[in-house]
Amino acid sequence: MAELGLNEHHQNEVINYMRFARSKRGLRLKTVDACFQDLKESRLVEETFTMDEVMEVLNGLQSVVHSEVESELINTAYTNVLLLRQLFSQAEKWYLKLQTDISELENRELLEQIAEFEKAEFTSSSKKPIIDITKPKLVPINEGGTTELLNKEILRLQQENEKLKSRLKTIEIQTTNALDEKSKLERTLQDLQIDQENQQDFIKAHDLDDLENTVAALRDEFQKTLNDQTENQKSLEQNLAAAKHDLLRVQEQLSLAEKELEKKFQQTAAYRNMKEILTKKNDQIKDLRKRLAKYESED
């Protein structure tokens, strides 16, 4: 039996899809045959036809067959898109970016290999158990401990990244509040100094010493508060800078981990086999188009 170079599970998935495609193809061919049969039974009832009548019959048949074939080709294209959607959705769960090589979809050698595989598989299908084609939604593949560890590391780095962002935002808010408080205290000191200058000419001499002492005490208290605020601001700025460095480090580690995971996946047999399957399927579609063009030219 021809093989596709896949493991047993993936090869069974390919067989299920080919069985589905053969079933749809058989139904569409029966529909085309029915178009010809209907024409024979409904229109070809006379012994002789004029040229115009023959052209009318052929044009009508051409329109019906063209519509059926076009419908099947469109349905096949949409079906392939749904299949790709399943595969890409599964890959995105593992933070992977799959790529396809469209140029390989018309590889004649690969198309012939698919044809041989289909022939070998389905000519002896009566001897094989029928594989259930109704499958649940795709689940992420498991390529071993390395992939699992990489994904866990990515998840951990993402969580740490979110925590650092939250911490950075909190420190920025605290720094802003400290700067606002410092500005308020400076304005208060300026107001006190202005009041002192304005009142010096109007207060009595024995009250001047008390007022100066009060102002001096207030100035000392304010200076102490200002110094505390300055120290707090420096501490907040240092924490802010440290948080930014940690955030950049985690983002760099996250990027490296994602690149490593993608590299690991592209080196796996699953990635190569998936790419090969997509290539062969597109080659098969192009071959069907060429056959259709050949049939149309003969008509």
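1. Arg167 is partly exposed, with a relative accessible area of 37%, where partly exposed covers the range between buried (under 20% relative accessible area) and exposed (over 50%), computed with a 1.4 Å probe on protein chains only. The model is a predicted one, in which local features need pLDDT of at least 70 and side-chain atom pairs count only at pLDDT 80 or more, whereas totals for chains, interfaces and linings use all residues. Residues are numbered from 1 along each chain as its sequence is written, and side-chain values use heavy atoms, with hydrogens and water left out.

2. Arg167 forms a salt bridge (a side-chain nitrogen of Lys or Arg within 4 Å of a carboxyl oxygen of Asp or Glu) with Asp246, and the closest N and O atoms are 4.0 Å apart. The pair links distant parts of the chain, with Arg167 in helix α4 and Asp246 in helix α5, 79 residues apart; helices here are DSSP runs of H or I, at least four residues, numbered from the N terminus. Asp246 is partly exposed as well, at 25%.

3. Arg249 pairs with Glu160 in a salt bridge whose closest N and O atoms lie 3.5 Å apart. Because Arg249 belongs to helix α5 (residues 205-266) and Glu160 to helix α4 (residues 145-199), this pair ties together parts 89 residues apart in sequence.

4. Lys286 forms a salt bridge with Glu106, the closest N and O atoms being 2.9 Å apart. Lys286 lies in helix α6 (residues 269-298) and Glu106 in the loop between α2 (51-92) and α3 (108-123), so parts that are 180 residues apart in sequence are tied together.

Conventions
Helix = DSSP H or I, 4+ residues; strand = E, 2+ residues; numbered from the N terminus.
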